[in-house]
Amino acid sequence: MLILHCPYCGMDVDETDLHAGGQAHLKREGPGSDVAAFEDYLFMRENPKGVHFERWRHVYGCGKWFLAARCTSTLEVFGTYSAQTLEPPQDIKDKITAKRPGWVWGTFS
Amino acid sequence: MSTRLAGKGRLINKDQTVAFTFNGKHLRGFAGDTLASALLANDQMLVGRSFKYHRPRGVVASGAEEPNGLVNLGKGGKFEPNQRVTTTELFDGLTATSQNHWPSLEFDVGAINSTLSRFLPAGFYYKMFMFPRPFWKHVYEPFIRKSAGLGQAPKDRDADTYEHFHVHVDVLVYGGAIACLAAACAAGERGARVLLVEQNADWGGRAMVDGPEIDGMPADEWVKNAIEALENMPNVDMRPRCMGAGIYDHGYALAYERLTDHAPDQEGPRHRLWRIRANQIVTATGAIERPLSFAGNDVPGVMLASAIRDYVVNYGVSVGDRTVVVTNNDDAYRTAIILKQAGLEVPVIVDARVQVDGELIDEARDLGIRIETGKGIAKVIGGKRVTGVGLCAQAGEGAALEEIACDCIAMSGGWSPVVHLWSHCGGKLNWDADQAMFRPDPERPPTGHDGAAFVATVGIANGHLFTAEVLGDGWAAGRAAAKAAGHTRKGGGAPLGQDAAEGPISPVWLMPQGASHALRSKAWLDFQNDVKVSDVQLAAQEGFESVEHAKRYTTLGMATDQGKLSNINGLAVLSKALNDDIPNVGTTTFRPPYTPISMASIAGVAKDDLFQPIRKTPISDWANDNGADNEPVGQWRRPYAYLRHGESVEDAVNREVKNTRESLGLLDASTLGKLIVKGPDAGKFLDMMYTNMMSTLPVGKCRYGLMCSENGFLMDDGVVVRMSEDTWLCHTTTGGAEHIHAHMEDWLQCEWRDMQVYVANVTEQFAQIAVVGPNARKVLRKMGGMDVSADALPFMQWAEGKIGEFDARVFRISFSGELSYEIAVPAGQGRAFWDALMEAGEEFRVMPYGTEALHIMRAEKGFIMIGDETDGTVIPQDLNLNWELSKKKED
């Protein structure tokens, strides 16, 4: 039972008020894209033991989707941020680097 | 024999006798007894039969770790199987029956398994029941199902009530022994909000029996003072009979309070589940004494040394007149000393260690107790009760040197800290070779949202066996937890403890060391699941080398006690068989709850009407008054059919279909999802959501749409209506309203952030009624208002106006192939509109129809039903719906 901070409501929210939405920062493919790239988009997901980026929706609150950076093995939360971004904000990346030097996730590090 | 001692028993009140029955026998105990102590006081040592071999079994322990003493408690709506006699407090009128035997506890036919035990080794099921294949289904499985399981499932509805408490605290302390009291005092004094929970009814833990000195006073006096001090702190809440069940992510914790198990006539809920969010958690859950593995260690009368002195000190019960103590550590000498001081015989202390030295040993020797060092137990004499014991050299192979008559054996293989709660949320362990135990590794604690530790395990649970360390450890953890939660007020210093110095333990995993196969196959590791030393060795020999595999192959530690007594002994035997070190073999995973909790407490009040919210349409009450046979559709209850007096469901469905096809039917379609999609980009957005084009839909028209998930599978369908230039109304399936709304929100919020679109779920704002059948138009005309003629309102169009006096949106759409209007009115007018339609329709023999008639008619017409024709792996082409896929758009 995680507690995550909803960046829209500005409050700490219990997992029972949230809805998990899988991996964040998915690159979606459109018509005419390469079959392998399309397969990657549809079926291939990160499943790390360690730093991970996820989508969450504050479903029993403001209803907004937001993104969370956390460690899947220690449950540490590095931060939550707006879903309307293509990559994690620099301050969250810095925070992860301070705690997990050398971390790599997808194209981020 | 076991009996009550005169003038003893810290917890019992001899002025208050309590009557109870065991297997129909009327027995008496005292207020304050547990069922176990009362049975022992009545010389009822035999309490059950073992799971696999049906061997006679007696009480082994005095607490939650008890593997054998499981009984059926109560009757009727209060019946519950597998209740531990050691944690069941005695009350007047208690009825208990023993389990797993036929025809009786004393004579059990199943005991034949015991003589066949060499043919029933570990993995027996896997080897035996492979062939011939058809035998599994028709012969083996029915037989195994019949013989499997302990106890019986209750037959009646539970007569009790249960509830949940939700609380937030700064510091949660699990346990009520001296380490916890020290921790709670330290945290409470500093101003932290503290919740202290203890699984037993009384506070103080082992110190109350073993009696060390604390702050210059006897332990019980110190505990009394500490309890008083804590009770006077308004920021500290104390709950006895409340077991720390589990620790989960980010400080979430469960505790299980047994409110009226000891007083079933008391008003109020029986169990309460505490759902706690704690900033910091201190667990001081003590340790569990390990049995020793020698042949015949499961014969009734062989018990844990600490349990035997618990029964003497707490309940004034002597388990036996002549007790042989067998040990590999100094602590068990306390049992011998207490027994001797109580006037009982201790013929010999059998110590596996060659060299023994220390205060307790001197004290035992001064009392005149014979001490045999370097010795072990070769055999236990007796079947349903110990009658004697054969000694041998521990270093040898088990040749009996001497037989000694006794009726009780007190065994101690050392102590295993209760690290369960530490481990639940990821805390790791270290093997302490000197003390022969797994201890919490403070470098690898359970971590919270900030990456810092939020659990501290202290006292004996942290591997500190001596009072001074226990108190210091508990106090420091309490102070640190309060500080971490932001409370830094000044408080007093740590209490000081003092007890007898002890010599080192010598790990003994098998007694004697070179025991033959015959002895090893009588040396029990897991009493509850009948696993012996020889079984674990066989598992290793057959290649089940991982501790998790060996566990499942042998069923070691898989019973209701979850291996509280057997785990460490089992994995030590496994590591020896693998010729590896214990830490390399590792432990199995500790999972919550610590001891079983009732299913009803998990449900709490969520049963019957409170099980889940039931959604009702404005017409539901009418339907229920008119024979509705409801079916659940999501959280809605929809009428499956409307039964008339004496009619079967099938007849009703046929009648409804026929009547709708021939004349007039009404369907309450209010449950269909209704999403308003509005904005300058709404058309573009809906083109992306649906497989066909919605932007080209003219105002005033309706269009059927399919919705697919990202990978092309059908997820929903419904009629889309163009309300105005920038507004569409999307109908979804009944079950789909919420998740389709969420799906649209997801794309709007996260992907097409530039689109100016707003989505609102107005499902409950409108009542919607389908008026269906050849007479549909006639009834609407009769009601008056807007023009619903084929010219004014052709198929797949809609109009807004009045039907009778009602504000209505009329959609000329059909899901049955019949002439059909779906009419939406504001929810508040829904019931009145339904009543008006029923009245106006009387001359057309109007009948409401349910979901089954709806299904038949749509199937006859060839329409699809999401969820019936789709299962999340069906694409539109599978259903011949190619025409629904627009070729005008790329994506």
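How many residues lie between S14(B) and S15(B) in their hairpin, and which residue in the turn has a positive phi? The points below take up this question and then turn to the other elements of this predicted model.

1. The hairpin of chain B. Four residues separate S14(B) from S15(B) in the hairpin. In the turn, B:His250 has a positive phi of about 50 degrees. The two strands, S14(B) and strand S15 (residues 252-258) of chain B, run antiparallel and are joined by five bridges. One pair that may be located in the model is B:Met243, whose bridge partner in S15(B) is B:Tyr256.

2. The setting of S14(B). Strand S14 covers residues 242-247 of chain B, and six of its six residues are buried; the strand is therefore largely enclosed by the rest of the structure. Burial here refers to a relative accessible area under 20%.

3. A three-stranded sheet in chain B. A separate point concerns an open sheet with the strand order S12-S11-S31, in which the pairing is antiparallel. Its edge strands are strand S12 (217-218) and strand S31 (497-498) of chain B, each of which pairs on one side only. Strand S11 (residues 213-214) of chain B is joined to S31(B) by two bridges, and these strands run antiparallel. Within S31(B), B:Gly497 stands opposite B:Ile214.

4. Extent of the interface. Chain A contributes 22 residues that are in contact with 22 residues of chain B. The area buried between the two chains is about 2000 Å², and carbon and sulfur atoms give 47% of it. Of the area that chain A buries against chain B, 28% is supplied by A:Met1, A:Arg28 and A:Leu75, more than by any other three residues.

5. Four salt bridges are found across the interface of chain A and chain B. A:Arg28 takes part in a salt bridge with B:Glu710, their side chains meeting at 2.7 Å, N to O.

6. Make-up of the chain A side. Helix H1 (35-43) and strand S4 (51-57) of chain A each supply at least two residues of the side that touches chain B. The largest share, three residues, comes from H1(A). By class, this side of chain A has 11 nonpolar, four polar and seven charged residues.

Notes. Residues are numbered from 1 along each chain as its sequence is written. Chains are lettered from A and ligands numbered from 1 in the order in which they are written. This is a predicted model: local features need pLDDT of at least 70, side-chain atom pairs count only at pLDDT 80 or more; totals for chains, interfaces and linings use all residues. Side-chain values use heavy atoms; hydrogens and water are left out. Contact means heavy atoms within 4.5 Å. Buried area is the accessible area (1.4 Å probe) that two parts lose on being put together, summed over both. Ala, Val, Leu, Ile, Met, Phe, Trp, Tyr, Cys and Pro count as nonpolar, Asp, Glu, Lys and Arg as charged, and the others, Gly among them, as polar. Buried means under 20% relative accessible area, exposed over 50%, partly exposed in between (1.4 Å probe, protein chains only). Two strands pair if DSSP finds at least two bridges between them.
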